[in-house]
Amino acid sequence: MRTTFLPFSAPLLGEEEIAEVVDSLRSGWLTTGPKVKRFEEEFKAYIGAPHAVPLSSATAGLHLTLLALKIGAGDEVITTPMTFASTVSMIMLAGATPVLADIEPGTLNIDVEQVRKKITPATRAIIPVHFAGQPCDMDPLFKLAREHGLTIIEDAAHAVGTEYNGRKVGTFDSVSIFSFHPNKNITTGEGGMVCTPDEALAEEISLLKFHGMSREAWKRFSASGTPGYDIMLPGFKYNMMDIQAAIGIHQLPRLDGFIERRRQIAEQYNHAFGSLPELVLPRYAPYQQRHAWHLYTPLVKTERLSIDRDGFMAELKQRNIGTGLHYRAIHHHTCYRTALGIADSELPVASYASDRILSLPLFPAMTDQDVHDVIAAVTEVVTAFRS
Ligand SMILES: *Cc1c(COP(=O)(O)O)cnc(C)c1O
């Protein structure tokens, strides 16, 4: 058994990131400035997005996107129960009503036919989440959205580098929101980016992100700026700092390599676990895509084991293997259960997955020995608790 604990995720930071942060600290310019601008431009170029707005988090991006689209009281927004809390919380904080549509069993992505059933005259938008870095089936989603005049807001927190039918997530006729939390495929510590082809929307989000000041107001303390400013509307404090962008500038060129290493590890898991009927392995959707492999999330078939999912995680932890939980379904949390009151029978696929899913370690700094240790521990636990 391994003697040190293996976390389920860890960022991979190099000397360049460290030196760039130190450079920011020594320069005296800590907050939004030239490095945020550089990161914005380089990210935009990598994705191929017409407009990009750097922010303090993806949560901020979801919040501002909904506000900029004037989605609020009386409106419904359809999303997936298999997502992080903030997707749904931001819909609620915008004043709108979240509506959950069930997921597909293979990919755990939102099921377009279930979305169709949830559309009402109050529906304004759909928020698909590219679960684990695998793209949702965007063509039928866009077709449905066009038929009903709905906006698509992609929660792309898992999907930096994901491609669908040869196009990167972030280039569609929608709004895409990326996260740079340390667990995500690249990091800025905390941070997020909104990409959209809609220039007016990008402008509105830029205005809202920093006190309602005009876009380049950060320059007002620099040599080229003037100290005056005008407030256009009451705004938030959701700007990214140069200290954060300093990290991102050096993470971005490594992203494709990170994804390749993640894919190799996921394929090793798929190969090793293929013979264990107690696990349901992640499946590739049949369309052309690049999976960013943000997460590796098998389901443990508790009906074939003498322990439940939490017990399975505890057994792995005893063997020094960390796990994550992405996700306990939205309708199982107290907040949303109270607000929405959705029964498991309304979301059978997500409810089934919620009680059985776990995230195994998957990050580019993992060594071959780490991968081997995970495979050995999972196989041992399955074998020991088979019923
Ligand atoms: C991480 C995550 C978010 C929130 O991202 P932050 O940058 O931490 O705000 C939103 N949605 C999903 C699906 C996520 O995984």
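A polar contact, as the term is used here, is a pair of N or O atoms within 3.5 Å; within protein, one must be able to donate a hydrogen and the other to accept it, and residues adjacent in sequence count only if both atoms are side-chain atoms. The structure is a predicted model, in which local features need pLDDT of at least 70 and side-chain atom pairs count only at pLDDT 80 or more, while totals for chains, interfaces and linings use all residues. Residues are numbered from 1 along each chain as its sequence is written, and side-chain values use heavy atoms, with hydrogens and water left out.

**The ligand and its surroundings**

There are 16 residues around the ligand, and those that come nearest are T59, D155, H158, S179 and K184, where a residue is near if one of its heavy atoms lies within 4 Å of the molecule.

| Residue | Distance to an oxygen atom of the ligand |
|---|---|
| T59 | 2.5 Å |
| H158 | 2.8 Å |
| K184 | 3.1 Å |

On its own the ligand has 380 Å² of accessible area, of which the protein covers 93%, with areas taken from the Shrake-Rupley method with a 1.4 Å probe.

**The largest pocket**

The ligand sits in the largest pocket, which is to say that more than half of its atoms lie within 2 Å of the grid points of that pocket. On a 1 Å grid over the protein atoms alone, a pocket is an open set with protein on both sides within 12 Å along at least five of seven lines, a cavity is a set of points where a 1.4 Å probe fits but cannot get out, and lining residues have an atom within 4 Å of a point. The largest pocket has a volume of about 350 Å³, and of the 21 residues that line it, F84, S86, S179, H181 and K184 are the closest to its centre. To this lining α3 gives the most, with three residues.

L108, which lies in the loop between β3 (97-100) and α5 (112-118), has a positive phi of about 65 degrees although it is not a glycine.

Note on methods. Grid points are joined across faces, edges and corners, and a volume is the space filled by probe spheres set on the points. Helices (H or I, at least four residues) and strands (E, at least two) are DSSP runs, numbered from the N terminus.
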